[in-house]
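I opened my notebook today to look through one structure, entry by entry. Come along and check each stop against the picture.

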Amino acid sequence: METAAYLTRIQYREPVKPDVETLHGLQRAHMLTVPFENLDIGLNRPIRLDLESLWNKLIIQRRGGFCYEVNGLFGWLLEQVGFEVTYLNARDYHPEDDSFGIDFDHLVLLVRVPNEPTRWLADVGWGDSFTQPLELDSPAWQEQDLRAYRLEPFRHGYQLWQRGYQGEVERQYFFDLLPHQFPAEYEATCRYHQSSPQSIFTRKRIISRLTDDGRVSLDSGRLILTKNGRRSEHPFESEEEFHTLLKQYFDITL
C-alpha cells in the first residue's frame with residue numbers, strides 16, 4: 001500500500017502512528033472524504049473486494065463504496081499503520097419485524113492499539129452513524145456530535161444503540177467477536193446485496209458523506225442536508241439534476 005497516497009485521499013495531515021489519537025483522527029477524516037455509496041449497483045457494475053480493485057475505486061478514482069469496500073480498505077490502512085485489526089460479522093437490525101439480517105450483512109472492525117488493553121469498534125461503512133471509534137468495553141453512552149452511542153452485550157457479541165438529535169433511541173446492528181477472513185467470507189453476501197430484490201441496495205441508490213457540521217446525502221429524488229442536528233430535504237426530478245448535485249457535493253462524475 002502507498003500509505004501516503006491514502007492519507008492524501010482522506011486529507012489527513014497529522015502525524016501517523018498506532019495510537020488512540022491517530023485511530024480517532026483517521027476514522028473521522030475517512031468519513032469526511034470517502035462517501036458511503038452504492039451507485040455501481042444501479043449501473044450494473046460488479047463490485048469486487050480484492051484490495052487492488054478497492055484501491056483503484058476509492059483512492060485512484062476517488063469514489064466511495066458500501067461497507068465491504070470502505071471498511072475493507074480502511075482495515076488495510078489501519079494494519080499498515082500498525083494497529084491490530086479483526087474483521088467482524090455484523091447484522092443489520094430490521095425494526096419492522098424485530099429481527100437481524102443475514103450473516104455478513106455488514107462488515108465492522110475491532111481495533112487494538114499496540115500494548116494497550118482497550119478494544120475499539122471502528123466503522124466507516126454504515127453511513128449516518130458514529131464518527132469516531134467506540135470503546136467496546138464501556139457500558140456508558142459515548143457522546144459524539146450531538147448524538148450518543150452505546151454498545152450493549154448481546155448474545156455472543158454486542159448490539160449498537162444510537163441516541164439521536166431529539167433523544168430518540170434506535171438499535172442499529174449486532175456483531176459477534178469471532179475473527180473472519182476478508183474478503184473471502186464476505187464475498188457471497190456482497191454478491192447477494194448486488195443482485196437480490198430483497199436487498200435495500202438494489203431497491204434504491206444512495207450516496208452520503210459526513211460534513212463538518214452534519215451530513216450531506218443524495219438519493220433517487222432528494223438532496224438531504226443535516227446541519228447541527230437540523231435536517232432539510234430538497235427534492236429534484238431529473239437525472240440531469242442528480243448528476244449535477246453528485247458533482248457539486250461529492251465531486252463524482254459517473
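This is a predicted model: local features need pLDDT of at least 70, side-chain atom pairs count only at pLDDT 80 or more; totals for chains, interfaces and linings use all residues.

**Entry 1: R62.** Is R62 buried, partly exposed or exposed? I looked up its relative accessibility and found 38%. Buried means under 20% and exposed means over 50%, so R62 counts as partly exposed. I found R62 in the loop between α4 and α5. Its phi is near 60 degrees, which is a positive value in a residue other than glycine.

**Entry 2: D98.** Next I went to the loop between β2 and β3 (99-100), where D98 sits. Phi of D98 is near 50 degrees, again a positive value in a residue other than glycine. D98 has 52% relative accessibility, so I wrote it down as exposed.

**Entry 3: a cis bond.** Which peptide bond did I note as cis? It is the one from F182 to P183, and its omega is near 10 degrees. I traced P183 to the loop between β10 and α6.

Entry 4: A reminder for my own use: an α-helix has 3.6 residues a turn, so residues three or four places apart point the same way.

Entry 5: I then looked up the contacts of Y68, leaving out residues up to four places away in sequence. T189, C190 and H193 are among them, and so are F182 and Y186. Y68 also touches L49, L54, F104, D105, H106 and L107. The largest nonpolar core has 44 residues, and Y68 is one of those that touch the most other members, along with I10, L26, F74, L78 and L109. Elements that each supply at least two residues of this core include α1 (3-9), α2 (20-33), β4 (106-112) and β5 (119-122). Which element gives the most? It is α5, with nine residues. Apart from this core I found another one, of 14 residues, and V108, L121, Y149 and F175 are among them.

**Entry 6: the largest pocket.** How much space lies in the largest pocket? I noted about 1,400 Å³. Of the 41 residues that line this pocket, W126, D128, E170, I200 and K204 are the closest to its centre. Among the elements that give two or more residues to the lining are α6, α7 (200-203), β12 (214-219) and β13 (222-227). By class, I wrote down twelve nonpolar, 15 polar and 14 charged residues for the lining.

**Entry 7: the cavity.** Last, I searched the whole structure for cavities of 30 Å³ or more and found one. The volume of the largest cavity is about 50 Å³. Its lining includes M31, V34, F36 and W126. β11 gives the most to this lining, with three residues. I sorted the lining residues into six nonpolar, three polar and two charged.

How values were computed: Residues are numbered from 1 along each chain as its sequence is written. Side-chain values use heavy atoms; hydrogens and water are left out. A nonpolar core is a set of buried Ala, Val, Leu, Ile, Met, Phe, Trp, Tyr and Cys residues joined through side-chain atoms within 4.5 Å. Buried means under 20% relative accessible area, exposed over 50%, partly exposed in between (1.4 Å probe, protein chains only). Helices (H or I, at least four residues) and strands (E, at least two) are DSSP runs, numbered from the N terminus. Contact means heavy atoms within 4.5 Å. On a 1 Å grid over the protein atoms alone, a cavity is a set of points where a 1.4 Å probe fits but cannot get out, and a pocket is an open set with protein on both sides within 12 Å along at least five of seven lines; lining residues have an atom within 4 Å of a point. Grid points are joined across faces, edges and corners, and a volume is the space filled by probe spheres set on the points. Ala, Val, Leu, Ile, Met, Phe, Trp, Tyr, Cys and Pro count as nonpolar, Asp, Glu, Lys and Arg as charged, and the others, Gly among them, as polar.
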